[in-house]
Amino acid sequence: MTQWDDLGRVVVPKEIRRTLRIREGDPLEIFTDREGEIILKKYSPIGELGIFAKQYAESMAQTLGYLVCVTDTDQIIAAAGPGKKDFQEKAITKQLGEVILRREQFQAGSDDKKFTRITAEQPEEFDNQVISPIICEGDAIGSVVILAKEGKKKMGDTEQKLATCAAGFLGRQMEQ
C-alpha cells in the first residue's frame, strides 16, 4: 500500500532509499511498466542531457586524445575516448562526489594529494586528471573529468580551461 506525506508525495521506505542511494528529500522518478510494476529511479537533472553530454564528450575526446567523462553526483552519464568502456554508466566514488559538492576544480597527477579516483574500478594507467564541477542555478549537479593515461604529457591550463568551458556550457544548458 502506498503511503503519502502531508505534501502529497510518495513516502519511500528507508531500505529502498538506502539500496538506491537516495537520500531523504532527493527527487525521484516513478514509472510503471506494461505489467503494472512500479519503477523508482533517482532523478538526475544532468541525465536529461545524456545524448547531448555524450556528443560533447566525444567531440572533446576526439580533439584532445584523452578520455572525457561527464558525471552527475552518482554516476558517469557519458564517456568518450580511450578506455571509455571502463567508465560508461559506472558509479562514481564517494571522493569524487565530495569534490563535486565542494565545487573543486583542479588538475592533478596520481602523485598529488588531490588526485581523485573517478570509479572504484578505475584502471591504474589513468594517472593524470582534470576535474571541473557542473553548476546549474547555484547547485553542483555533476562534473566534467578529463583523464590521461600514463606516458601522455602532463595536462595543464589548456585542459583545465576546456573542462571549465564544458562544465559551464552544460550547466547553462540545464538552466534552459
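Leu101 sits in helix α3 (residues 94–101); helices here are DSSP runs of H or I with at least four residues, strands are E runs of at least two, and both are numbered from the N terminus. The model is predicted, so local features need pLDDT of at least 70 and side-chain atom pairs 80 or more, while totals for chains, interfaces and linings use all residues. Residues count from 1 along each chain as its sequence is written, and side-chain values use heavy atoms, leaving out hydrogens and water.

**Exercise 1.** Work out whether Leu101 is buried or exposed.

*Solution.* Start with the cut-offs: buried is under 20% relative accessible area, exposed over 50%, partly exposed in between (1.4 Å probe, protein chains only). Leu101 has 57%, so call it exposed.

**Exercise 2.** Find the strand order of the open sheet, then its edges.

*Solution.* Step one: the five strands run β4-β3-β7-β6-β5, with antiparallel pairing (a pair needs at least two DSSP bridges). Step two: β4 (76–80) and β5 (106–109) each have a single partner strand, so they're the edges, and one side of each lacks a neighbour in the sheet.

**Exercise 3.** Zoom in on how β3 and β4 pair, then say which strands helix α2 touches.

*Solution.* First, β3 (residues 67–71) pairs antiparallel with β4 over four bridges. One to look up: Val68 has Ala80 of β4 as its bridge partner. Next, helix α2 (residues 50–64) packs on the sheet and touches β3, β4 and β7 (139–149), contact being heavy atoms within 4.5 Å.

How values were computed. Axes fitted to C-alpha atoms, helices over the stretch in contact; angles between N-to-C directions.
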